[in-house]
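Hi there,

Here is the structure I promised to pass on.

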Amino acid sequence: MGTKPVRIDNRKREKARRRRQTAATRAAVFAAALVLVAVLVVAGIIRHHKKTQTVQNDTSAQTVSQTGNGQEEQNGTDSAQGQQISHTEAAGETLAGTQVQSVTAKGYAIQVVDGVTYIGGVMIANKSYSLPESYAPGDLLPEVKEAFAVMQKAAAAQGLNIYISSGYRSYSRQQTLYNNYVKSDGKALADTYSSRPGYSEHQTGLCFDLNTIDDSFGNTKESAWLEQHAQEYGFIIRFPKGKDAQTGYQYEPWHLRYLGIDMATKVYNSGLSLEEYLGITSEYAD
Ligand SMILES: [Zn+2]
C-alpha cells in the first residue's frame, strides 16, 4: 500500500517533466521558424525593390530610345548591349503604366501599341505578329519614300534602274488578294506565296516590291547592287536566300523593308534575317 502512491507520484512527475520538455522544444522550433520567415520576407522585399527599380530604369530608357520615328534603334552598340541585359531582367514583370509585355529570345522588348507589335522598337508584321485592320497609313511612309528616292538616284548613277512596282497594301486589299488565291489554289497552297490579311508587311507602309516581281529579278545587276548597298539607304532584303524557315517566306530579292540606316546596317552586318536578329518566329498559329 505504502509504495504504490510513491510510484504513481514518480510517474506523474516524469510525465509532467516530459510535457514541459516537449513544450520547450516546440517553442524553440517555433521561434526559430519565425526568425527564418522574417529574414526571408525582408530579403524578398529588398530584392523586389531592386528589381522594380531596374524595370523602371529600363522603361525610361526605352521611352527615350523610341521617341523619334519609332522604327530605328538609335543607340550605339554599347547601349544596345545594356538594353538587352535590362530587357532580360524585365522578363515576366508586369508593371502598371509600361507597355513592356515580354521579351524575345534575344532579349528585345515586345510592345503592343494599338494592336501593332514593336520588337526592339521595330514594327513587325509577319506570320507570328499581325496588324489590326485599323492600322492603315494609306501609303508608304514619307521617310520611306525619301530614302527610296536617295537609293534610286544612287542606283541610277551606276546605270541601274530601280522602281517601286508594289508599295502599300491595305488590310482589305490583302483580304481580296488572299481570298482569290484561296478560291483558285486552296488555303494550303495560297499560304505558301500570299500573306493572310493582317499578316502582310505591305500593310506597314514600310516595304515595297521593286521592278519585276519574280525570281528572274534575282539575276539582274539591280538585284546584285541592292544585295550589296540597300542597307546604306536604310533598307534590307527582307526575305533573304536560305532563310525560308526563319522568315516564313522564300527568297524575294525584290521585297525591301525600311529600317533606317543604323538598324538596316546592323541587321545586314549580322548576316541574319530580321527574325533571327530579333529572336522571333514567323509562323501562323494554325
Ligand atoms: Zn513584297
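**Strand β8 and its neighbours**

F208 has L256 as its bridge partner in β8. Before going further, please keep in mind that this is a predicted model, in which local features need pLDDT of at least 70, side-chain atom pairs count only at pLDDT 80 or more, and totals for chains, interfaces and linings use all residues. Residue numbers start from 1 along each chain as its sequence is written.

A word on terms: helices (H or I, at least four residues) and strands (E, at least two) are DSSP runs numbered from the N terminus, and two strands pair if DSSP finds at least two bridges between them.

Back to β8. Strand β6 (residues 207-210) pairs with strand β8 (residues 255-258) in the antiparallel sense, over 3 bridges.

Are the two faces of β8 covered or open? Both are covered: H255 and R257 on one side are buried, and so are L256 and Y258 on the other. Buried means that 20 or more other C-beta atoms lie within 10 Å of the residue's own, with C-beta atoms placed from the backbone (exposed is 12 or fewer, partly exposed is in between). As background, side chains in a regular strand alternate between the two faces of the sheet.

Together, 4 strands form an open sheet in the order β5-β6-β8-β7, with antiparallel pairing. β5 (164-166) and β7 (235-237) are at the edges with a single partner strand each, so one side of each has no neighbour in the sheet. Neighbouring strands in this sheet are turned by 45 degrees against each other on average, direction ignored; the axes are lines fitted to C-alpha atoms, and angles run from 0 to 180 degrees between N-to-C directions.

**A hairpin, and the whole protein**

Strand β2 (residues 109-113) and strand β3 (residues 116-119) run antiparallel and are joined by 4 bridges. V113 has V116 in β3 as its bridge partner. The two strands form a hairpin with 2 residues between them, and D114 in the turn has a positive phi of about 50 degrees.

Overall, the protein has 9 helices and 8 strands, and 29% of its 286 residues count as buried.

Best wishes
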